[in-house]
Amino acid sequence: MKFSVVFEAQLADPTPEREHQVIRDSVEQAVLAEQMGFDRIWAVEHHSLKWYAHMSAPEIFLTWVAAKTTTIRIGHGVVCMPFAFNHPARVAERAAMLDLLSGGRLDLGAGRGGTKQETSLCGVDPDRTTREVEEALRIIGRAWQEEELEYHGELIDIDPHPILPRPRQLPHPPLFLACSRTETLIQAAELGVGALAMGFAGPGAITEMRAAYDSARAARSDARFVSSVVNDHFSVLCPTIVLDDGERARSIGVRGQRFFAQSIGHWYGGAGIPDEAVVAGADEGAEMRRAAEQVVARLHEQRIPVRPTATATFHADHAYGTADDAIAYVERLREAGADEIMCLIQMGTVPQEACLETLRQWGDKVIPHFREA
């Protein structure tokens, strides 16, 4: 089983100074993640989602991290693949350059960037995003395996051109798809790409998601494969804060997840502005525990897509607490079928010292437990 860290560059009070600091903090965390034995980092791509994600140019962030590290894999996950965000040929060029300069450490994921806030910025047609993502993956898989890329599809035409440079990993870096619904899990399996499963609803939902993915794998042919190389890796999200003081870790984690959930609800579901985006230094303790029991966001993507009409439950049954608590939770995720644990640590209200200590606790205690097993 692999272990990774995912970065949104999220913050509750995005003044220019704090925004700049959270990017620098994320670099520090990524470098420490390598030192603590993590296998990979992931950086998302989002646009104009104030509070929720300030990682608008992950390829630059990842290049900077790659230059400061030597072994950790660099996950460009995910790239917004609709054509008005990123032309597929340009994605292939940038990704190959990063793979080359990092010594063959790149993994490349695709996503829709489908919020109204994002699509309206770049003139993306929301009704075409799913089809454009699939077509982009097919173009990228072909671009790295042919002397010249030529593509004439339903949505785009590309006359013969060489795509330069070639990546270090031949024929190309592993490909992934962001999966938050059963439909996208089936799509990933049929395309022959790995799944980045963004399930917040816990191990039970991960079991269902893995079953859907495996069922589609068993039933597929190679008709929809985007490449001659198939990647069946199944990565799952794991919100976590781990400290020696388990109660404090849970308090910080639940507070951060509440902000994360409300940010999703705001941009994806039309909910109000997150509480702590307008009121700094919000409460902890008893109210945090009450928040964990309330429906404050719409996060159960496995059953209901994140849309204005979605309804689902926020809960705090994740890897919050001591290292032993985290180990027990990861055991459940492993039993549910996880190939990789994507640690979500950098949430909008979590202080840097808690992020760094969580990475140390995972590196000293949690990851070694599973490596030895």
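1. The side chains of E357 and R360 meet in a salt bridge, with N and O 3.4 Å apart; the term asks for a side-chain nitrogen of Lys or Arg within 4 Å of a carboxyl oxygen of Asp or Glu. Both residues sit in helix α12, three residues apart, about one turn of the helix. E357 is partly exposed at 25% relative accessible area, and R360 is partly exposed at 34%. Here buried means under 20% relative accessible area, exposed over 50%, and partly exposed in between, using a 1.4 Å probe and protein chains only.

2. A word on what you are looking at. This is a predicted model, in which local features need pLDDT of at least 70 and side-chain atom pairs count only at pLDDT 80 or more, while totals for chains, interfaces and linings use all residues. Residues are numbered from 1 along each chain as its sequence is written, and side-chain values use heavy atoms, with hydrogens and water left out.

3. Now the whole chain. The protein chain has 12 helices and 11 strands; these are DSSP runs numbered from the N terminus, with helices (H or I) of at least four residues and strands (E) of at least two. Of its 373 residues, 58% are buried. Among contacts with a separation of 6 or more, 75% join residues 24 or more positions apart, where contact means heavy atoms within 4.5 Å.

4. How many salt bridges does the rule give? The count comes to 22. One of them pairs E154 with R131, at 2.9 Å from N to O. E154 lies in the loop between β5 (149-152) and β6 (157-161) and R131 in helix α5 (residues 129-143), so the pair ties together parts that are 23 residues apart in sequence. E154 counts as exposed at 62% relative accessibility, whereas R131 is partly exposed at 37%.

5. Another salt bridge joins E190 and R224, whose closest N and O atoms are 2.3 Å apart. This pair links distant parts of the chain: E190 is in helix α6 (residues 182-191) and R224 in the loop between α7 (203-219) and β9 (234-242), 34 residues apart. Both ends are partly exposed, E190 at 25% relative accessibility and R224 at 28%.

6. Salt bridges can also join up into a group. Have a look at R210, D214, R217, R220, D232 and D339, which are linked in a network of salt bridges.

7. Which charged residue is buried yet has no salt bridge? It is E34, and the nearest side chain of opposite charge, R105, is 4.3 Å away. For charge, Lys and Arg count as positive and Asp and Glu as negative, with His and the chain ends not counted. E34 is found in helix α1 (residues 16-35). Leaving aside neighbours within four places in sequence, E34 is in contact with T69, T70, T71, I72 and R105.

8. Finally, the inside. In soluble globular proteins, nonpolar side chains tend to be buried together. The largest nonpolar core has 116 residues, and F38, I41, I341 and W362 touch the most other members. Such a core is a set of buried Ala, Val, Leu, Ile, Met, Phe, Trp, Tyr and Cys residues joined through side-chain atoms within 4.5 Å. Helix α12 (residues 352-372) supplies the largest share of this core, eight residues. Not counting residues up to four places away in sequence, I341 touches several residues, including M1, F3, V236, L333 and W362.
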